[in-house]
Amino acid sequence: MSPVTPRRILITGNLGYVGPRVVSHLSRALPGAALVGIDAGYFAHGLTGVDALPERALAVQHYADVRAVPDEALAGVDAVVHLAAISNDPIGNKYEDVTLEINHRASVELARRARDAGVRSYVFASSCSVYGTGGDEARTEASEVAPLTAYARSKVVTERDVQELADDRFVITCLRFATACGWSERLRLDLVLNDFVASAVSTGAIVLLSDGTAWRPLIHVDDMARAIEWGVTRDPANGGPFVAINAGSDAWNYRIRELAEAVGEELEGVRVEIQGGAAADKRSYRVDFGRYRELAPDHQPRVSLQEAVRGLRDGLARMGFADADFRASGLIRLRTLEGLREQGLLDERLAWTSGPAAGGLRAVAR
């Protein structure tokens, strides 16, 4: 089962948090492939601690809404990495219909159009949040899904609907990622470990708003990129034309309290507190990543929790970060979208009211 090297890879949502690390990794791992980005640009301006654009590794950057991808963006493409999504629960809760429109309907339509355009491989960024609440028993791909949020529900129904499109000529890989963490050139602080490190750096304390007993698997963004490389090069003989697989590491299943304590141990002098009367978080799931070890032995996670914490600490230091009120800043995705809406730049469907992405495709060639 030799890996298939794609010649041209379209990466949707490349101007977000995960995208820059995917572009960086694929440009090194698959140097013969032309990388193409397409993004609406909500968060493109949110560069953190870098001196050069991550997109310098791209052949072309398109600006377009994933709900209206022009045909020319798929021309000559033989692999699609679909990252574009409404990316967390607070946004999904506020924009539930839009979340299903973008995360589900647009994702299925893109897969259908990719197949019809002759694309060979479609990699969908799914999520372990589909398991919802699972207690202490580790969830496998055979476990029942129990999504608790609009975001998680969107992943479940997209996996279901793209499965029927897969065959030996159109290989679909749904990567059920653990919760993302780690440094990126477009940092987000509305992720649990990133939040804890930012709080530790800016206030010297981590205050848990739940009782800290909930389970959560994590994965570093660089290890997400390694999983995506496996997906775009996967032969259908390795797992079948369609696979929905937990992507992460058994060693990275932690209780929320353990994550906070790990940050406190790595960053000296940090206090870990549990807010008085804090209740348990309903979102709690341990995940079994055995099938991913079996199918992708050469693309296993490499970054340790301690390395992730240090990387975040050092990146925040390069930024001169000291904002104790960071949860009201543009480093929180919902805050960015609300700011754009307040300026009249986005409408109620989170579509641009003017500019290139509102009117269709625009491309910048390297």
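## Basis

The model is predicted, with local features needing pLDDT of at least 70 and side-chain atom pairs counting only at pLDDT 80 or more, while totals for chains, interfaces and linings use all residues. Residues are numbered from 1 along each chain as its sequence is written, and side-chain values use heavy atoms, without hydrogens and water.

## Cavity

The structure holds one cavity of 30 Å³ or more (a set of points on a 1 Å grid over the protein atoms alone where a 1.4 Å probe fits but cannot get out). The volume of the largest cavity is about 40 Å³, taken as the space filled by probe spheres set on the points.

Its lining (residues with an atom within 4 Å of a point) consists of Tyr 42, Phe 43, Ala 85, Ile 86, Ser 87, Ile 91 and Leu 337.

## Helices α3 and α4

Helix α3 (residues 96-116) packs with helix α4 (residues 150-163) at about 20°, the axes being 9 Å apart. Axes are lines fitted to C-alpha atoms over the stretch in contact, and angles run from 0 to 180 degrees between N-to-C directions. The two helices are therefore roughly parallel (angles under 35 degrees).

## Helices α5 and α9

The axes of α5 (residues 192-203) and α9 (residues 305-319) come within 10 Å and cross at roughly 50°.

In the contact (heavy atoms within 4.5 Å), residues of α5 including Leu 193 and Val 197 meet residues of α9, among them Leu 305 and Leu 312.

Methods
On a 1 Å grid over the protein atoms alone, a cavity is a set of points where a 1.4 Å probe fits but cannot get out, and a pocket is an open set with protein on both sides within 12 Å along at least five of seven lines; lining residues have an atom within 4 Å of a point. Helices (H or I, at least four residues) and strands (E, at least two) are DSSP runs, numbered from the N terminus. Angles under 35 degrees count as roughly parallel, over 145 as roughly antiparallel, 65 to 115 as roughly perpendicular and the rest as oblique.
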